[in-house]
Amino acid sequence: WGSLGHVTFAEPGALVGFLGPRAVEAITGEAIPEGVQRAENLADVGLVDAVVSPSQIRSVLDRALGLMSAPDGGSPAGDVTGSPPASQVAVRAAVPTNPWDAVLATRDARYPRFQDLVRSLGDVLPLSGTAEGAAESGVGVVLARFGRLNAVVVGQTGDPGRPLGPDSLRIARRGIRLAGELGLAVVTVIDTPGATLSAAAEEGGLAGQIARTLGDLTALQVPTVSVLLGQGCGGAALALLPADRTVASSHAWISPLPPEGASAIVHRTPDLAPRVARHQGI
């Protein structure tokens, strides 16, 4: 039953598992590898959110419960339909005249990423993995506070060389479910070079995870905002895009394929990607 918490903490060195190592060895005749059931390993594989020393538990629980509580009245949901008030209408920022310049800017190692956004929020509580035994670095989930409103922030980490696999989307879905169950707002951050193209991703159900993430987001009954922060390639970007409101940085872009892929399809070479980027309308 202890596995069913919305957030899970463990003390350093805590032994957590289905059956103790002595019993496992007695029944199977083989010793379970050292450290498998220790808190630190379980945090690495996405079963425990954080390893917390006894002296810190009280303050960490206080922060966690504060960030997991809906505002007074039990629900953050306000009027999320119709046009926003005039004071909230976004001002269109200047955008690069050449789409390829935007593509290159968002791929630059110095471009702001999800982690930079999280650091700017102040009071946040990072979660780890799916809570069901899967961890991947392509997506991060944090509990955060915006003014009086608590929210779950689900963000793609934006590493240009690291596409999203199915476990990243499972992590995103954990955050979305958590928000729905607790009545918290959701902010999604889109910044990805695309989905992983591999046999492992196919066997891991990548297409189904994209579809389920879309379904989870569109079924939410809490306020949702998506932020197109940087590069937005294909189904991996689409998975976190549906929201009541969407905002975008001035260099952000989205397309069904990266320009190099579209160039390879149309011209049989990726070398015409800058021209294709303009034709794609990104």
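Visitor: Let's start with Q37. Is Q37 buried or exposed?
Guide: Q37 is buried, since its relative accessible area is 11% and the cut-off for buried is under 20%. Keep in mind that this is a predicted model.

Visitor: Okay, and where is Q37 in the chain?
Guide: Q37 lies in the loop between α1 (21-28) and α2 (39-44).

Visitor: Which residues is Q37 in contact with?
Guide: Leaving aside neighbours within four places in sequence, Q37 is in contact with A14, L15, V16, G17, F18, L19, G20, P21, I32 and L42.

Visitor: You mentioned L19. Where is L19 found?
Guide: L19 is in the loop between β1 (9-10) and α1. L19 counts as partly exposed, with 34% relative accessibility. Together with F18 and I27, L19 makes a nonpolar surface patch of about 400 Å².

Visitor: Let's switch to the inside. Which residues touch the most other members in the largest nonpolar core?
Guide: Those are V139, V141, L143, V152 and V154, out of 34 residues in that core. The elements giving two or more residues to this core include α3 (54-67), β4 (139-146), β5 (149-156) and α6 (166-182). The largest share comes from α6, with 7 residues.

Visitor: What does L143 touch?
Guide: Not counting residues up to four places away in sequence, L143 touches V7, L67, M68, D123, V124, L125, A151, V152, L178 and L184.

Visitor: How many residues are in the second core?
Guide: The second, separate core has 11 residues, and L121, V142, V153 and V227 are among them.

Visitor: New topic: G46. Where is the place of G46, and is G46 buried or exposed?
Guide: G46 is in the loop between α2 and β2 (50-51). G46 counts as buried, at 0% relative accessibility.

Visitor: What separates the C-alpha atoms of G46 and T130?
Guide: Those C-alpha atoms are separated by 5.6 Å, while the two residues are 84 residues apart along the chain. T130 is also one of the residues that G46 touches, and so are S128, G129 and A131.

Visitor: Last one: what about S226, buried or exposed?
Guide: S226 counts as buried, at 0% relative accessibility. The place of S226 is in strand β7 (residues 224-232). Apart from residues up to four places away in sequence, S226 touches T188, I190, L240, L241, A243, R245, T246 and V247.

Definitions and conventions:
Residues numbered from 1 in each chain as written. Predicted model: local features only at pLDDT ≥ 70, side-chain atom pairs only at ≥ 80, totals over all residues. Heavy atoms only, no water. Helix = DSSP H or I, 4+ residues; strand = E, 2+ residues; numbered from the N terminus. Buried < 20%, exposed > 50% of the residue type's maximum accessible area, 1.4 Å probe, protein only. Contact = heavy atoms within 4.5 Å. Patch = residues over 30% accessible without salt bridge, like charges linked within 9 Å, V, L, I, M, F, W, Y side chains within 5 Å. Areas by Shrake-Rupley, 256 points an atom, 1.4 Å probe, with all protein chains shown as cover. Salt bridge = Lys/Arg side-chain N within 4 Å of Asp/Glu carboxyl O. Core = buried A, V, L, I, M, F, W, Y, C linked by side-chain atoms within 4.5 Å.
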